[in-house]
Amino acid sequence: MNIPSTTLNNGVEMPLLGLGVNTPRQNNEVQSSIEWALEAGCRLIDTAAAYGNEREVADAIRSSGIPRSDIFITTKVWNEDQGYNRTIRAFNRSLERLGIDVVDLYLIHWPIKEHRHDTWRALEKIYSQGKARAIGVSNHYPAHLDELLTKAQVIPAVNQIELSPYSYLPDILAYHRQKNIQTEGYAPLVRGQKQNDPRLVELAEKHGKSTYQVLIRWSLQHGVVTIPKSVKRERIQENFDVLDFVLSEEDMALLDTFYDNTRIADDPRNIP
Ligand SMILES: NC(=O)c1ccc[n+]([C@@H]2O[C@H](COP(=O)([O-])OP(=O)(O)OC[C@H]3O[C@@H](n4cnc5c(N)ncnc54)[C@H](OP(=O)(O)O)[C@@H]3O)[C@@H](O)[C@H]2O)c1
C-alpha cells in the first residue's frame, strides 16, 4: 500500500499518514506498534524527547529491516530544553538516542515566549548543518508564528497542532497555506472521545467504515498530515486501511461543522 505524501516548502516529501507513539514504554508497546504499523505500510513515526521512547523507536526501525531512508522520523525539543544552547544539546541527545545522523523533521514542541527566537535560531543552525531535513513547530497558532517570523531566516516547514473536526479552525489552516507551512494534525481520533457521536456514526455506517477511519480520512482530505496513535495490531491495521473510500464534499462540509473545541491538550490560544 502506498500512502500519499506531501511536498514540504523545502522540497522534502513527507507521508500524509503516520503513527504517533506518545505511549508509555511498558510491555514493548512502542516496538510492537511500530512493527505493526510498518507492516501496514506506515513510513512516518512521530516521537518526541518528552515521550522518553526515542531508543525504542530506533530499535523498532532497526529490527524492521526497512532502510532508514524509507522512514520519516519526527522528534521534538521539550520545553525545558528551549533556548539556543540547550536546544542544540537536546537535539544531539535525541540524535544519539535515535541512533541516526540526520532526523527528517525536528519540531519545537510548544511555544515558549521567552525562548521564541533563540530556540528557532538553534533549529535553523541544525538545519543549515544538514542534521535535520526539515524543521518546524508544534502547537504554534498564528500569533506565535507571526512573532517567530519577524526574525526567522527559515520558514517552518510544518506546524503540528491538535486537529480533528472538533478542534477545526479553518483560519489556522488558511494561515498555514498562505505561509506555505504544512499542517500536521495530532490526536486526530480525539482519543476515542467522539466514537459514539451519532453524526459520526451515521457517516461511518454510510461508508461501511469505522468512526476512527472517517476521522483519519477527514484529515487526509484536508491535505493534513495525520498521526493516529494505537498500540493494538487490529486498530493500527484499521487506521491505515483508509485509502479505499472517499468522503464526499457534503460529508466533509458536515464534518467541518462539528467544532466544539474538544481538545486533549492545551489550547494554544491561551499560551502567550
Ligand atoms: N505535538 C504535541 O503536543 C502532541 C500532543 C499530543 C499528541 N501528539 C502526537 O499525536 C499522536 C496521536 O495523538 P494521541 O495519541 O494523543 O491521540 P489519538 O491518536 O487521537 O488517539 C489515540 C487513542 O485512541 C485509541 N485508538 C486508536 N485507534 C483506534 C481505533 N481504530 N479504534 C479504537 N480506539 C483507537 C488508542 O488506544 P490504543 O493505543 O489502546 O489502541 C488511544 O487511546 C501522539 O501519539 C503523538 O505522537 C502530539
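Modeller: Helices (H or I, at least four residues) and strands (E, at least two) are DSSP runs, numbered from the N terminus. This is a predicted model, in which local features need pLDDT of at least 70 and side-chain atom pairs count only at pLDDT 80 or more, while totals for chains, interfaces and linings use all residues. Residues are numbered from 1 along each chain as its sequence is written, and side-chain values use heavy atoms, with hydrogens and water left out.

Biologist: Which helix gives the most to the shell around the ligand?

Modeller: That is helix 9, residues 233–240, with three residues.

Biologist: And which residues come nearest to the ligand?

Modeller: D46, R191, S230, K232 and R235 come nearest, out of 28 residues around the ligand. A residue counts as near if one of its heavy atoms lies within 4 Å of the molecule.

Biologist: How do the residues of that shell divide?

Modeller: The shell has 13 nonpolar, eight polar and seven charged residues. Here Asp, Glu, Lys and Arg count as charged, Ala, Val, Leu, Ile, Met, Phe, Trp, Tyr, Cys and Pro as nonpolar, and the others, Gly among them, as polar.

Biologist: How far is the side chain of K232 from an oxygen atom of the ligand?

Modeller: A polar side-chain atom of K232 lies 2.5 Å from a ligand oxygen. For R191, a side-chain N or O atom is 2.8 Å from an oxygen atom of the ligand. The side chain of R235 also has an N or O atom 2.8 Å from a ligand oxygen.

Biologist: Changing topic: which pocket does the ligand take up?

Modeller: The ligand's space is the largest pocket. A molecule sits in a pocket if more than half of its atoms lie within 2 Å of the pocket's grid points. A pocket is found on a 1 Å grid over the protein atoms alone, as an open set of points where a 1.4 Å probe fits, with protein on both sides within 12 Å along at least five of seven lines; lining residues have an atom within 4 Å of a point.

Biologist: What lines the largest pocket?

Modeller: There are 32 lining residues, and N22, A187, R191, K229 and I264 lie nearest the centre of the largest pocket.

Conventions
A polar contact is a pair of N or O atoms within 3.5 Å; within protein, one must be able to donate a hydrogen and the other to accept it, and residues adjacent in sequence count only if both atoms are side-chain atoms.
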